[in-house]
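The sequence and structure come first.

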Amino acid sequence: MPETPKTIESTVWNDIKKCWESVIIPVDEYHGFTECRHCQKPISHNVKSEGKFKVVWVKCACTK
Ligand SMILES: [Zn+2]
């Protein structure tokens, strides 16, 4: 069983500032991730956060 992260640093597009921002998402339950098809690093994590299921997007190795 892999260790469950307590928080995930998500990358979200801020449409007001027009830039990418890092947001710390608290993790209640961790349900795995989706790999980037190019670099095989996680590109999104499936979690339960604050009582709701959500997909948390992160930067993979392709994103600079
Ligand atoms: Zn990638």
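## Confidence and strand pairing

Strands are DSSP runs (E, at least two residues), numbered from the N terminus. The protein's mean pLDDT is 92, and 95% of its residues reach 70 or more.

This is a predicted model: local features need pLDDT of at least 70, side-chain atom pairs count only at pLDDT 80 or more, and totals for chains, interfaces and linings use all residues. Residues are numbered from 1 along each chain as its sequence is written.

Two strands pair if DSSP finds at least two bridges between them.

| Pair | Sense | Bridges | Opposite residues |
|---|---|---|---|
| β3 (residues 29–35) and β4 (residues 42–49) | antiparallel | five | E29 and K48 |
| β4 and β5 (residues 52–57) | antiparallel | six | H45 and V56 |

Both pairs form hairpins. Six residues lie between β3 and β4, and Q40 in that hairpin takes a positive phi near 65°. Two residues lie between β4 and β5; E50 in this turn has a positive phi of about 50°.

Now take H45, found in β4. Why is H45 classed as buried? Because 21 other C-beta atoms lie within 10 Å. The cut-offs are 20 or more for buried, 12 or fewer for exposed, and partly exposed in between, with C-beta atoms placed from the backbone. Leaving aside neighbours within four places in sequence, H45 is in contact (C-beta atoms, placed from the backbone, within 7 Å) with I8, F33, V56 and V58. The C-alpha atoms of H45 and E35 are separated by 9.1 Å, at ten residues apart along the chain.

Notes:
Helices (H or I, at least four residues) and strands (E, at least two) are DSSP runs, numbered from the N terminus. pLDDT is the predictor's confidence in each residue, from 0 to 100. Two residues are in contact if their C-beta atoms, placed from the backbone, lie within 7 Å.
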